[in-house]
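Hi,

Here is the structure I said I'd pass on. Have a look at it first, and then read my notes below.

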Amino acid sequence: MAEAAVRLTVQGTVQGVGFRPYVYRLAEQYNLCGTIANTSVGVVIRVQGAAFRIESFLAALPRGCPPLVSISTMKCEVDEKPVPAAGFTILPSVHEETVQALFPPDIALCADCRRELHDPADHRYHYPFINCTNCGPRFTIVHALPYDRCRTSMADFSLCPACADEYKDPLNRRFHAEPVACPTCGPQLSWLNEAGCSCPLVDPLEMAATVLKAGKIIAIKGLGGFHLAVDAMSSPAVSRLRDRKHRPHKPLAVMARDLDAIRHYCRLSPAAEMELAGPTAPIVLLERLPQSTLAPEIAPGIADVGMMLPYTPLHELLFSHDDAPVLLVMTSGNLSDEPICGTIEEAVDRLGGLADGFLVHNREIVMAVDDSVGLCVANQFHLLRRSRGYVPAPLSLPSSLQSVLAVGAELKSTFCLVRGRQAVLSQHLGDLEDPRTESFFRSCYAHFKNLLQFEPRLVACDLHPDYRSTRFAQSLGLPVIQIQHHHAHAVAVMAEHGLDAPVLAVILDGTGYHPDGTIWGGEVLMVTFESYKRLGHLEPVFLPGGDRAAWEPWRMAAALLYGQHGECYEEHGGWLPPGWEKIDPQHRRLITKMMMQEINSPLTSSCGRLFDGVAALTGVRHYVTYEGQAAMELESLARCAGKGIPGVGIDGCYPVSLSARPTGLVVQLEGLLAGLCEDGRKGVSAADIAWEFHDWLVRSLVENITLAAAETGIDNVVFSGGCLQNGLLMEGFSTRCRAVGLTPYFPLQVPANDGGVSLGQAVIAGTRSAANLSCV
Ligand SMILES: [Zn+2]
Ligand SMILES: [Zn+2]
């Protein structure tokens with residue numbers, strides 16, 4: 001019988017996910033000797049025994065992996081110097097110079113642990129920190145790699161003999177489950193009153209449930225930071241939370257006891273159900289049922305509500321308490337747009353005036369992370385905020401690149417580290433305009449850099465000179481490559497789908513800097529990994545007051561009317577938008593004058609601002625209190641029209657008109673505005689107008705790219721930008737593109753909004769630099 005020995009190096013998400021015990025069992029099954037160890041370059045397996053057995057072992061290995069294991073590469077070589085071994089052994093972790101290995105994101109409570117949590121006979125009955133190899137905290141507790149307990153915040157808790165036995169037993173579900181704990185040896189809950197003083201005599205969970213039932217607000221220390229929680233059925237309670245948080249309208253997320261509770265209030269598709277109940281457990285945007293009795297203050301003016309399920313044992317226990325509400329608003333524990341609070345001191349300091357009590361625990365959160373958010377469109381899940389449950393899982397790139405750091409944009413900031421064929425995106429960091437977010441950005445980058453032993457060779461940033469991320473990039477003393485905003489949006493989608501260049505791209509966004517002096521945001525591009533060419537765009541209009549216009553959509557309505565009728569638009573149009581008279585006439589005159597004299601009124605092709613303008617024209621909203629509010633309300637209104645998918649019919653209400661200009665094929669606004677004003681005059685409902693606008697936009701842009709496709713011979717089209725968070729638009733583009741023989745691609749794992757820009761930046765910079773090197 002021929003004997004053999006091989007050495008396997010396995011990379012991917014293979015640490016902290018039950019991979020070693022799985023391999024141990026497999027080796028025993030095939031009667032092989034050898035060792036397995038976690039190292040910084042991946043898991044190293046050495047096996048020896050009968051050659052045919054080794055072959056069967058190698059064939060079986062990738063097939064039966066535990067659910068959370070994801071193998072990216074498996075290198076197999078002959079082991080020249082096999083160490084004599086008897087049986088199979090799991091060796092202690094080895095710390096090496098270069099870190100290639102990755103550890104998994106935080107994982108929602110698994111079914112086995114949930115069962116034990118509710119089993120009175122179990123050692124961990126009602127223990128709020130129960131976990132195993134298949135679930136529990138990971139990213140949020142890791143200080144350094146390799147991923148072992150001593151390098152996590154669980155190092156503070158020594159294992160009791162019972163937990164230690166499970167931890168050491170390769171056949172146990174908790175074998176090397178690094179955060180393993182029980183009531184005897186693990187973290188504990190406590191309750192703090194509104195002043196932040198500890199109340200040792202109360203049962204923390206009972207207190208939390210009672211206080212919530214009374215309609216009060218509590219701060220809960222969870223997995224990645226603090227939530228503010230309040231009864232989602234109580235209007236006064238939700239209003240009080242909004243008042244205290246200074247957040248008048250921005251939608252709040254809701255955690256529901258179980259899927260049945262969600263089904264009661266929202267339309268739930270099988271795809272959405274799978275995401276909600278899966279290991280990543282994100283917030284999923286779901287359409288509210290008409291008879292829903294959820295407090296309307298949760299998402300005023302918006303058809304959807306963000307729902308999630310309890311994803312930690314602590315949440316599960318809170319909801320199983322008799323007094324606890326069935327649905328809780330669970331919003332990030334912060335004031336308006338600051339980063340989420342991670343420590344008790346921070347929470348008591350910053351949330352002191354907001355919360356009526358604190359449900360806390362003594363397991364340190366090493367890395368704060370918000371909940372992830374996404375939506376299902378035509379049975380596909382699209383992430384809008386990539387955080388808990390997804391970060392730091394790497395994305396695979398189509399080709400290998402040198403080490404690049406990309407620092408993203410300004411709002412919805414993320415950064416991206418690329419090394420070889422892997423891209424690791426940071427969690428959602430927030431808006432860098434806030435100094436706290438900027439410092440959070442810096443500390444997260446330092447953490448990732450240290451964790452992954454990452455040394456960038458170059459850094460990629462936006463072309464915008466005033467972004468804080470751009471200034472950070474320029475402060476690092478490395479070669480800097482500046483990337484146009486919408487080029488980065490497009491390449492992020494190409495990288496995610498592994499598309500070959502060139503592709504056509506439709507980027508519908510808020511605003512993005514371009515050196516031509518106009519502000520882009522409604523572009524049709526031809527894109528490669530290195531460069532882009534503008535083939536078409538939306539007709540530019542004035543952006544009166546620059547960035548201020550994004551907060552005052554009526555300014556965009558004025559700009560649209562001005563573009564059609566000139567300075568006397570209030571008289572010449574013969575019709576003015578509903579509620580126009582409520583806007584201060586002096587402000588209206590001032591804005592008109594600014595456009596006439598072109599003072600602080602650059603031209604923009606932004607689709608986000610077009611949405612704002614149309615929203616104001618239909619009377620939806622003249623002022624917003626959060627980014628994208630008018631566009632989201634306009635989409636909700638359009639869905640109320642009940643007219644199905646936009647862009648599907650042959651003819652629409654508002655005529656499409658394209659004109660060839662030196663800058664490309666331009667979508668003219670004339671037909672839209674004439675039709676819209678006429679409908680307004682006739683008293684057509686705002687919902688119908690909103691839907692017709694979506695329909696017009698889909699038909700106009702697909703007409704535009706159909707011509708571009710004919711000219712270039714390219715039929716792959718990527719769609720991205722902040723406006724592509726709109727499910728109705730996605731469905732419209734997808735359906736109409738396929739009808740004309742184009743293949744559309746939408747962002748899935750990487751947000752369509754600016755949260756995805758860093759990935760595109762990194763890939764473009766890495767590709768450009770590789771091209772330059774090969775020229776030398
Ligand atoms: Zn578990
Ligand atoms: Zn224990």
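One cut-off before the findings: angles under 35 degrees count as roughly parallel. Also keep in mind that this is a predicted model.

**Two helices side by side**

Take helix H17 (residues 607-617) and helix H19 (residues 670-682), which pack at an angle of about 20°, with their axes 11 Å apart. That angle falls under the cut-off, so H17 and H19 are roughly parallel to each other. As for handedness, H17 passes H19 in a right-handed crossing. If you want to find the contact on screen, pick out Leu610, Val614 and Leu617 on the H17 side, and Leu672, Leu673 and Leu676 on the H19 side. What kind of residues make up the contact of H17 with H19? They divide into 6 nonpolar, no polar and no charged.

**The sheet and its helices**

Next, go to the open sheet, where 5 strands sit in the order S4-S1-S3-S2-S5 with mixed pairing. Its edge strands are S4 (70-78) and S5 (88-90), each of which pairs on one side only. From one strand to the next, the twist averages 15°.

Within this sheet, strand S2 (residues 33-39) pairs with strand S3 (residues 42-50) in the antiparallel sense, over 7 bridges. A handy place to check that pairing is Gly34, which stands opposite Val47 in S3.

Two helices are worth looking at here. Helix H1 (residues 19-29) lies across S1 (3-13), S2, S3, S4 and S5, and runs at about 170° to S5. Helix H2 (residues 51-60) also packs on the sheet, where it touches S1, S3 and S4. The direction of H2 makes about 145° with that of S3.

Last stop: strand S12 (residues 327-332). Is S12 largely enclosed or open? Of its 6 residues, 6 are buried, so S12 is largely enclosed by the rest of the structure.

Which strands pair with S12? Strand S8 (residues 226-231) is one of them, running antiparallel to S12 and joined to it by 5 bridges.

Cheers

How values were computed: Residues numbered from 1 in each chain as written. Chains lettered and ligands numbered in written order. Predicted model: local features only at pLDDT ≥ 70, side-chain atom pairs only at ≥ 80, totals over all residues. Heavy atoms only, no water. Axes fitted to C-alpha atoms, helices over the stretch in contact; angles between N-to-C directions. Helix = DSSP H or I, 4+ residues; strand = E, 2+ residues; numbered from the N terminus. Parallel < 35°, antiparallel > 145°, perpendicular 65-115°, else oblique. Left-handed = near helix turned anticlockwise from the far one by under 90°. Contact = heavy atoms within 4.5 Å. Nonpolar A, V, L, I, M, F, W, Y, C, P; charged D, E, K, R; others polar. Buried < 20%, exposed > 50% of the residue type's maximum accessible area, 1.4 Å probe, protein only. Pairing = 2+ DSSP bridges.
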